[in-house]
Number of protein chains: 2
Amino acid sequence: MWCGAFPYANLEIFLAVIINLDQERSRPPEAALDHLTSMVSADLTQVNEIILQRMESQVGLIPQLAGHIIAAGGKRLRPLLTLASARLCGYEGRQHLGLAASVEFIHTATLLHDDVVDDSGLRRGRAAANTLWGNKASVLVGDFLFSRAFQLMVASESMKVLDILSSASAVIAEGEVQQLLITNDPETSEAAYLDVVRAKTAKLFSAACRIGAVVAKRPEKEEEALESFGLNLGIAFQLVDDMLDYLAPSDTLGKTAGDDFREGKMTLPVILAYYRGSKTERQFWRRTLEDMEQKPSDLEKAVACMKRHSALDDTVERARHYAALACGALAVFPRGEMKEALLGVADFCVERAY
Amino acid sequence: MWCGAFPYANLEIFLAVIINLDQERSRPPEAALDHLTSMVSADLTQVNEIILQRMESQVGLIPQLAGHIIAAGGKRLRPLLTLASARLCGYEGRQHLGLAASVEFIHTATLLHDDVVDDSGLRRGRAAANTLWGNKASVLVGDFLFSRAFQLMVASESMKVLDILSSASAVIAEGEVQQLLITNDPETSEAAYLDVVRAKTAKLFSAACRIGAVVAKRPEKEEEALESFGLNLGIAFQLVDDMLDYLAPSDTLGKTAGDDFREGKMTLPVILAYYRGSKTERQFWRRTLEDMEQKPSDLEKAVACMKRHSALDDTVERARHYAALACGALAVFPRGEMKEALLGVADFCVERAY
């Protein structure tokens, strides 16, 4: 675990001021997520049952492959947000359960499709579904889960929910295509990268939160507050994810450090290091990420270069900004245990960087 | 064009008896499709406008790639069925236009995802989108179109339509996965193959037709009749498609003969030839389709083997059976120009074999 030069103590004060957080702060970051999970555990159990039930198919490969990735997912962060948002809005019905499962299915379908590779030999170091069953099976099972997601939305009988989630799906796909287009381009701007993050990641977070207010039939203002919370939380989450891709040891997060580097993905740590880099450093980035000529020692060099220019610290700094915006968005809701728990998740999204 | 030993004259009498068809029969098969197209041409123009409008995106690659495949599609058979079904039911509104576009988007997304290949070197002879832009772009643009399809359904504000089309999407995905599982397996039964055809192809035809009755708010009986018409028409269409894959010259249908063979796909002509084949012939099929060891002369040998066992004739014979069932299903509707036009399309699906 990397415990570098981040101002951990300052973060405490910073978040405490912004979100007036009075809960205990000395626990590990995962504790915030565990706390939220425990608050909606009865709901989550039912969501997991719906997930298991709806990924069934007479075609055995579907539950087999889907089970592999859904089990690997673990955290269930997105459906948790739907459950918690609905409860924050005082919802006492059951409509949010199927929708939380729907959100998880959209996420899983996206993961499966994101793992598809072209036969240019780029697939390295991943134990993704496509390495076990092939690209095509991954794509088609993703389609199945995506269809199941829509069936679950239809079962909710809310046109508003259908509108929000189908629009989100289109935006996610646009974001994924845009990400593909900026791959291998070290000249990508921070703004272009943030647009991709908003679309491919944060849009689903924001939709997952907003539909909690929709099922509870809360006023537009609360819908918008939850949407903004989700959007900013999603950006913070993705920024830290992109940072961890350069620093996480392979036994955390179920991912191997260096995946993004090996795929030539443009993420904020790279963008900052490239723009702040010397001529020689820029040549290094172009060789490794544009020309995709990578040597075994290059990942280590990349990280050193990032550290030299505070690219990793500043990526987390940006994440902290968005987490603060997320917390601020919840101001319309009165204080209470569920609100505190959601604020804790915003905290978790940044703190897991340490 | 192959003009073999099919009892063309008998087909005339056969269909004439079953469907009491009194229209001119001497015209080429495409004429029936052209006739239907001309009957709904004003609607179709609007559907094409919706398609163009809804495949737009700020991400330029999306309309570029989607346009490539949507323009290549040409016939617009599935949206035509929605338009014609709605009109057959006396519908005079506009809801069917967006839904017809939605059906075409689902079809296009399926095509894009069906073209994804694994990096096992199987991609030969295809000018598919993935050869131009890669697997990943094809998958993601497919996702975008799929999302757009759902947005168009949501815009129809009909929960019943959403239910029908989202369920159809799940079944299509199941069919595609099942097709993947029977690939390279010469022991595949005709029943297993037909299950795949019903799911991957016929389900969308049946949904496309059924929603025509739904928007027109016609009784369940008419919905079911149109669903049955579409289902059987879809099976007939796919059977002939699978036959043509062994016999069509490369300048028809926008496809190259032999694609299925080169991919080791199990289709009815192969299944019949395998089961009726000698020990030596079965060894040939196992070498070429199971072990995927193919020589340049093997496609010709495969066709000769099929002809020896009437596998191609009998595939069309099966198609004729399903086309007759399709026509029979329309019995609940009174005679009229639109009904005759739809019967003509059933005719087209078989006659295009010649």
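Residues 120-126 of chain A have a pLDDT under 50, pLDDT being the predictor's confidence in each residue, from 0 to 100. For this stretch the model has eleven contacts beyond four places in sequence; two residues are in contact if their C-beta atoms, placed from the backbone, lie within 7 Å.

This is a predicted model, in which local features need pLDDT of at least 70, side-chain atom pairs count only at pLDDT 80 or more, and totals for chains, interfaces and linings use all residues. Residues are numbered from 1 along each chain as its sequence is written, while chains are lettered from A and ligands numbered from 1 in the order in which they are written.

The mean pLDDT of chain A is 88, with 86% of its residues at 70 or more. Residues 1-25 of chain A have a pLDDT below 50, and this stretch has 21 contacts beyond near neighbours in sequence. Where pLDDT is low, the predicted coordinates should not be read in detail.

## Chain A

Chain A has 17 helices and zero strands. Helices (H or I, at least four residues) and strands (E, at least two) are DSSP runs, numbered from the N terminus. Of the 354 residues in chain A, 55% are buried. A residue is buried if 20 or more other C-beta atoms lie within 10 Å of its own, exposed if 12 or fewer, and partly exposed in between, with C-beta atoms placed from the backbone.

Ala216(A) sits in the loop between α10 (190-215) and α11 (220-247) of chain A. Ala216(A) counts as buried because it has 21 C-beta neighbours inside 10 Å. Neighbours within four places in sequence aside, Ala216(A) is in contact with Ala86(A), Cys89(A), Gly90(A) and Tyr91(A).

## The two chains together

The contact between the chains takes 39 residues from chain B and 39 residues from chain A. On the side of chain B that touches chain A, the elements giving two or more residues are α4 (61-73), α8 (135-156) and α9 (159-182) of chain B. That side has 20 nonpolar, ten polar and nine charged residues. Here Ala, Val, Leu, Ile, Met, Phe, Trp, Tyr, Cys and Pro count as nonpolar, Asp, Glu, Lys and Arg as charged, and the others, Gly among them, as polar.

Chain B is superposed on chain A by a rotation of 180 degrees with 0.0 Å of shift along its axis (RMSD 0.0 Å), using least squares on the C-alpha atoms of residues with pLDDT of at least 70 in both. The two copies are therefore related as by a two-fold rotation axis.
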